[in-house]
Structure formats: C-alpha cells, structure tokens
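Welcome, and take a moment to look over the sequence and the model. Here is a short tour, one topic at a time.

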Amino acid sequence: MSADSSADWTPESWRAKPALQQPEYPDAAALAAALDELRRLPPLVTSWEVNALKRELAEAQEGRRFVLQGGDCAESFADCEPDHIAGRLKILLQMSLVLVHGLKRRVVRIGRFAGQYAKPRSSDTETRAGVTLPSYRGDLVNAPEFTPAARAPDPWRLLEGHKRSALTLNFVRGLIDGGFADLHHPEYWNLAWVQHSPQAAEYQRRVAAIGESLRFFETLAGQTLADLTRVEFYTGHEALLLCAEAAQTRQVPRQSGWWNLATHFPWIGMRTAQLEGAHVEYMRGIRNPIGIKIGPQMTPDWLLALCEVLNPDDEPGRLCLIHRMGAAQVESHLPPLLEAVRRAGRRVLWVCDPMHGNTRTVGNGYKTRAFSDISRELEASFAVHAACGTRLGGVHLELTAEDVTECLGGARDLGEQDLARAYRSTVDPRLNYEQALELALKIAAMG
Ligand code: PEP
Ligand code: CO
C-alpha cells in the first residue's frame, strides 16, 4: 500500500500525535481564521514541478546528478527584497556551475528559501534578567525582539509568510525565465566583489573553459543549445509548523494523493524525526520528495523504520537522507547507518549537511562554525561513502551572497575577532560569498 492511499491519513491526522516545536497561539479564533484564509489562497508551487523534482532526485540517486541545496538558516521577512534574492540566486548559480564542471554531473538546485521562516529551538522559553518570554521561533511565528508583544505567536504571520514566499518565488521565476541563468551569460551572476575574491582566478578559469566548450558544441551542432538558456530552481524548507503545512496540503485534478504545495522539497528537522511523532505522521502522507535530517543520535533501526514509514514502496526520488554528524563524529557515526540502509536495499539519496554538526560558541559569545570543520566533514563523508559502497549525492549548506563574518576561516582566514564586524544572522552562522564559492571549488575536486 502506498503512503498516500493509507486509509487513516489526512492532512490533519498529525494532530493525534505528539507535535514538538509548535507555538502556543494565544488567540485560537484568530489562528483558525488565518488557516482558513491560507487554505483558500493559490499554492506556491504546482504538483508537476514537484514531480519533476522527484524525477531529478531519482536520477541523483543513480549517480547521474548532484544536489546543491543552500540558503539562509532562517529567512527573515525584512530580507524579502530584490538584491538579497538575486544575490542568493547568483551564488547558487556560480556554485552549481563550478560543480557541473568539476563533477561532470548535472546539478539539481534547491534553495533554502521562499518559506524557510520557522525555526526549532532548544527551549520553549527564554529568560533575561528574571523575565521569561516565549522563544523566537522564526518570522512565521513571532518577532525576535525581547518584549511580550514581539514574542507572542501571531497568526497574521502565517499569511505574511505565504505572501513573502510568493513574492520571493515570483522574482526568482521572473529572473530565470528572463534568461538570468543562461549559461552563455555567466557574467550576469557576478557579484560586485567577485574580482577581489581569492578564488576569482580559479572561478574565471572554469567559466572560460565552459564558455569554450559551449561554443565548440554549438559550432558542431549548428545551433544554440536551448537547454542551457534556463535552469530549474526548486524550493525547500523545514516543514516545522504543521498547522501551516497542513493548510497548504492539497489534492490536484487527475492525480491521486496529496501534495504540499507550499514548497517542492519539505524536510523533517533533526529534532522532530520521532517515529511516533506528528511530523513523521504528516510527511508520510504527502507525495513530495522529502528530506530527513540525521544527527549522531540516529540509530540504524530508527532509520530503517523511518524509511519504511515514509517510503514503504521504495519509490525512486522520494527520500533524501541528510546527514549532519559534525567533522568529529562523521567517521564513527555514519558507517553503521550507510551499511544498514544498503543492506536493506533501500533506495535513498544521501546528502551531507556539513553545517549543523559543527556549530560552536566561541569566547566572545558568537555562535560560529569553522570553514575547516565544514570542509573536513564533507571530505570525510565522500570517503566514508566510498568505503561503504554508497554514494554521496549532494550537499545542504547555509550560505549568503553577502560579505558577512559569521563562519571562521576560509581563504581570508577570518578569526574570532572578525566575527563582530558583520555578523547578521539571527540564528545560525552562514558561509559568506567567498567561503561558499571556495567550498564549491573544494567539493568539485572531492566528488
Ligand atoms: C536547520 O537546517 O537549520 C536545522 C535546524 O537543522 P537540524 O534539524 O539538522 O538541526
Ligand atoms: Co540552521
């Protein structure tokens, strides 16, 4: 029996299970009204786009594509503006060009955007100077300022999040349909400071090599390779706030089953992957390709049970396992999981998130990650997969096109004293533009 046809599943059946990381809305009537409105609004994506992504992920499972997923840890409503959106698109396009060239595989591009507005927190409340308020859970729920008004979960934010996701996606689609992603014009993606980057020469060398190959093939073919004038861009976010995800879960004409039409690729965060939990219950019933974040606490039995519940028919392209062990633990914790899934004959796509297992707080209080740890976890992951006879099919990164100072190291060797200069993330530290491009160059050499 396939997941969507199970008689006991509905978009709301998760409500009977324990749901972690959900806010408590003070005004139930206002929440119900906002969810009603959300159910009536047009969806953000279509089922045929979701199905197209699933087919591409199935190809990645077979080693014919590589997945690049990236974006902010948490989007903010304030960042829904053109420069920010175009900048993020530019860095992801530059990185994917480097990966295509180095790995000799087509790249599936998935943003962490147009809906990455809700965050899991380690505690439900935060106390400062004797005052306790609800934790900030992302702009979809409340505001970061430490006041009772800002921290009260506000259902209006569900509609505002939908609107800003739509505005983001509309601009991304417009840019891409207008030729922004045309491989014949990689200069469109140049960011102002690209020429000053320590990696500029290496990047430009690859761009020139690709341009030369393109011209060669087009001369042979006697025509422009139309496929290269646009690329597909998909969206993904953590499906955390279940009332909002369920309100955007729909049936479509002439197909059976239910789709989450708020995003192409929802994933289950590490903190909400309990087998008997509400998030797994919700995700098992939708037709989208889905991800599960896997941390060091994951066991082979738990993982195999998740595979069974979430992909009972072993459907190609459905399940993406995103491991985030940390550089220190990947070599010890990943092999038993890879072995178990391989021995069970399960079809999955393995992706590495080298960010979330490498977060630490340094002496001056900043939450940071070292570029060397990130790079080391990736390198070790490729090696561990090779040793187990499995394949690393993608990466999941937190990055920005801005010149921030949130992660340590990289070619400019940012130190702890540099963090204060341009630390802008409200949640996790992101690779800046140069570090992201440097990492893409490294991955291109690893794969
Ligand atoms: C995240 O992706 O921002 C996140 C919270 O990850 P994880 O669930 O892996 O901790
Ligand atoms: Co994060």
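## The cobalt site

Along the chain, the donors of the cobalt ion (ligand 2) follow the spacing C-x282-H-x41-E-x29-D. Those protein donors are Cys73 (SG), His356 (NE2), Glu398 (OE) and Asp428 (OD), and they lie 2.1 to 2.4 Å from the ion. Donors here are N, O and S atoms within 2.8 Å of the metal (3.2 Å for Na, K and Ca); water is not among the atoms, so sites may look incomplete. Cys73, in the loop between strand 1 (65-71) and helix 3 (82-103), and Glu398, in strand 14 (residues 392-398), are 325 residues apart, a pair that links distant parts of the chain. Helices (H or I, at least four residues) and strands (E, at least two) are DSSP runs, numbered from the N terminus.

Are Cys73 and Glu398 buried or exposed? Cys73 is buried, at a relative accessible area of 1%, and Glu398 is buried too, at 0%. Buried means under 20% relative accessible area, exposed over 50%, and partly exposed in between (1.4 Å probe, protein chains only).

## How to read the model

This is a predicted model: local features need pLDDT of at least 70, side-chain atom pairs count only at pLDDT 80 or more, and totals for chains, interfaces and linings use all residues. Residues are numbered from 1 along each chain as its sequence is written, chains are lettered from A and ligands numbered from 1 in the order in which they are written, and side-chain values use heavy atoms, with hydrogens and water left out.

On a 1 Å grid over the protein atoms alone, a cavity is a set of points where a 1.4 Å probe fits but cannot get out, and a pocket is an open set with protein on both sides within 12 Å along at least five of seven lines; lining residues have an atom within 4 Å of a point. Grid points are joined across faces, edges and corners, and a volume is the space filled by probe spheres set on the points.

How many cavities of 30 Å³ or more does the whole structure have? The search finds 2. About 170 Å³ lies in the largest cavity, where helix 5 (156-177) gives the most to the lining, with 4 residues. The second largest cavity, about 40 Å³, is lined by Asp72, Glu75, Ser76, Asp79, His84, Arg88, Tyr117 and Thr168.

## The nonpolar cores

The largest nonpolar core has 56 residues, and Leu89, Phe233 and Leu431 have the most contacts inside it. Helix 3 gives the most to this core, with 11 residues. A nonpolar core is a set of buried Ala, Val, Leu, Ile, Met, Phe, Trp, Tyr and Cys residues joined through side-chain atoms within 4.5 Å.

Leaving aside neighbours within four places in sequence, Leu89 is in contact (heavy atoms within 4.5 Å) with Phe113, Val172, Leu175, Ile176, Phe180 and Phe233. A second, separate core has 49 residues, including Leu35, Ala118, Leu321 and Val348.
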